[in-house]
Amino acid sequence: MPTLIECVPNFSEGRDKAKVDAIIEAMKMDGVYLLDREMDADHNRCVITLVGDRAPIMEAVLRGIGKAAELIDLTKHQGAHPRMGATDVVPFIPIEGVTIEDCVQMAKQVGAEIWKRYQIPVYLYEAAAQRPERTNLENIRRGQFEGIRDEIATNPARMPDFGEPRVHPTAGATVVGARKFLVAYNVYLNTSDVDVAKKVGKAVRFSNGGLRFVKGMGIPVRGLAQVSMNLTDTDQTPIARVFEFVKREAARYGVMPLSSEIVGLIPKKALEDAAEWFLQVENFDSSLILENRLAAVMGGKMAVGGLRAGVEPFIEQLAAPTAAPGGGSASAAAGAMAAALAAMVAGMSRGKKVYLQYEAQHSEALARLATLREELKAAIDADSEAYKGVVAAFKAAKENAAAQEQVNAAMRTATLVPLSVAEKSKEVAGIIEQLRPITNPKMASDLTVAAAMARTAIEGALANVEINLEGFDDAGFVAQVRGKVAKIWS
């Protein structure tokens, strides 16, 4: 399935259009699309929004980082926005067909490659952070380029995740990470007193007791005081609530918002939520929006298909009077669904205020469940192919007695595939039980269904293992498999 990842590299150049054009040109690749570019002369910074498949977007960003290192000299750079590198921040955001855990792996791969190609040290942040304090970007960037340059060799807390403890002489250091969609949202106040904006920025940001999923600061822009913010989860903290908070805080100092701006892009749902907030529409639902309803109907999601359309082909293949796909594939599918349901529960609990103390466990569970889910999905086809291999081997043996070893090899494969499904499903079952006490109890029924699916996968897969062992004359193999089966049941 094609994957779609967004990447929003921030480069420390917002005044020289020719340099920004050159960086964008360096990132042009087949399969990578430029969605947006924003240059801010006051911040002296540009924000580029790209989308593409996994491999090409990683290479595109690496090329852009190389070009930025050629063109931007941090020792001469000045701007209102904090910065630590020619390429300052590189976040990967999952859009379609990938998870946040996939983006974490991408961040690590790109981070290692940045040091290898350009000798720019790299720090990992947000979901990719290797240390808890590095989840927050401002902790890494504290002191900016000059502060990091002075301390990186002597302060263990400044040790980069990739590279040696020394900044690039002119390109500084870079932060790479994975996160959900971020909205860069700024509010201009009707004052030039930047101290007011700094106080409001401090009040609104979560690290100082403000709103969850909000990072904020006050800076001067175009002669006005600006509250500059990053909203890291507009589902949890809607943009309208942020605006009202800023408005209320500003009023304490006798000023008010003059206007606001969005830098880059914003999800449609965030604006729908804002409309609902301010218009106070009763029983609002996004399907009331004409364009949404049209898209749903024309896309088939509200037609007779619905969710059923996604699983119906597989179910009908199971019902067909052919031996494959059969019980083995169905068992693998059950295990994959168990992993998917558990991931849903973990994902809907992670980041919630009442479960913040379990965030690390949720992230760990999500990462492992994503891998197990993919492996179990792959086993749906693998089991069917294994059966076809057995049929082909027996047919060959009828024609040539010397092909008996081919039969044995095919039978081993047909046994090991469901055995692996059972082992993975048991691991899924274990994770489900670990999630029960640390996730929303209102989703307990989802975990119960997940557990039942996992048990079904185990029992079904081991039934396939057992039937394949019958008549198998390799005593050593049989004993080895039965030992693993006993371990699964224990």
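Contact here means heavy atoms within 4.5 Å. With that term in hand, here are notes on the structure.

1. **What kind of model this is.** This is a predicted model, in which local features need pLDDT of at least 70 and side-chain atom pairs count only at pLDDT 80 or more, while totals for chains, interfaces and linings use all residues. Residues are numbered from 1 along each chain as its sequence is written, and side-chain values use heavy atoms, with hydrogens and water left out.

2. **Overall build.** The chain has 15 helices and 11 strands. Both are DSSP runs numbered from the N terminus: helices are H or I with at least four residues, strands are E with at least two. The C-alpha trace spans about 90 × 55 × 40 Å along its principal axes. Of the contacts with a separation of 6 or more, 73% are between residues 24 or more positions apart.

3. **Burial.** How many of the 490 residues count as buried? The figure is 46%. Buried means under 20% relative accessible area, exposed means over 50%, and partly exposed lies in between (1.4 Å probe, protein chains only).

4. **Arg-222.** Look at the loop between strand 9 (214–221) and strand 10 (224–231); Arg-222 is there. Arg-222 is exposed, with a relative accessible area of 56%. Not counting residues up to four places away in sequence, Arg-222 touches Asp-42, Tyr-188 and Glu-261. With Tyr-188 there is a side-chain to side-chain polar contact of 3.0 Å. A polar contact is a pair of N or O atoms within 3.5 Å; within protein, one must be able to donate a hydrogen and the other to accept it, and residues adjacent in sequence count only if both atoms are side-chain atoms.

5. **The nonpolar cores.** A nonpolar core is a set of buried Ala, Val, Leu, Ile, Met, Phe, Trp, Tyr and Cys residues joined through side-chain atoms within 4.5 Å. The largest has 52 residues, and Phe-11, Ile-48 and Phe-92 are among those with the most contacts inside it. Apart from this core lies another, of 51 residues, including Ala-339 and Leu-447. Back at Phe-11, its partners beyond four places in sequence include Ile-23, Arg-45, Cys-46 and Ala-86.

6. **Cysteines.** A disulfide is a covalent bond between the sulfur atoms of two cysteines. The test here is a pair of cysteine sulfur atoms within 2.5 Å. How many disulfides does a search of the whole structure find? It finds 0. For Cys-46, the nearest cysteine sulfur is that of Cys-7, 12 Å away. Cys-103 is in no disulfide either; its nearest cysteine sulfur, again that of Cys-7, is 9.2 Å away. Cys-46 is buried at 0% relative accessibility. Cys-103 is buried as well, with a relative accessible area of 0%.

7. **Backbone details to check.** The peptide bond from Ala-324 to Pro-325 is cis, with omega near 0°. Pro-325 sits in the loop between helix 10 (308–319) and helix 11 (327–349). Asn-44 is not a glycine, but its phi is positive, near 50°. Asn-44 lies in the loop between strand 3 (32–40) and strand 4 (45–52). Asn-44 is buried, at 7% relative accessible area. Gln-144 also has a positive phi, about 55°. Gln-144 belongs to helix 5 (residues 144–151), and is partly exposed at 28% relative accessibility.

8. **Helix 12.** This helix covers residues 359–399, which is 41 residues. The expected span is 1.5 Å times one less than the number of residues. That gives 60 Å, and the end C-alpha atoms are 60 Å apart, so the two agree. Yet helix 12 has a kink of about 30°, centred on Ile-380. The bend at a residue is the angle between axes fitted to the seven residues ending there and the seven starting there.

9. **Tyr-118.** Tyr-118 is in helix 3 (residues 100–118). Its side chain reaches the backbone oxygen of Leu-62 at 2.8 Å. The C-alpha atoms of Tyr-118 and Gly-66 are 6.7 Å apart, though 52 residues separate the two along the chain.
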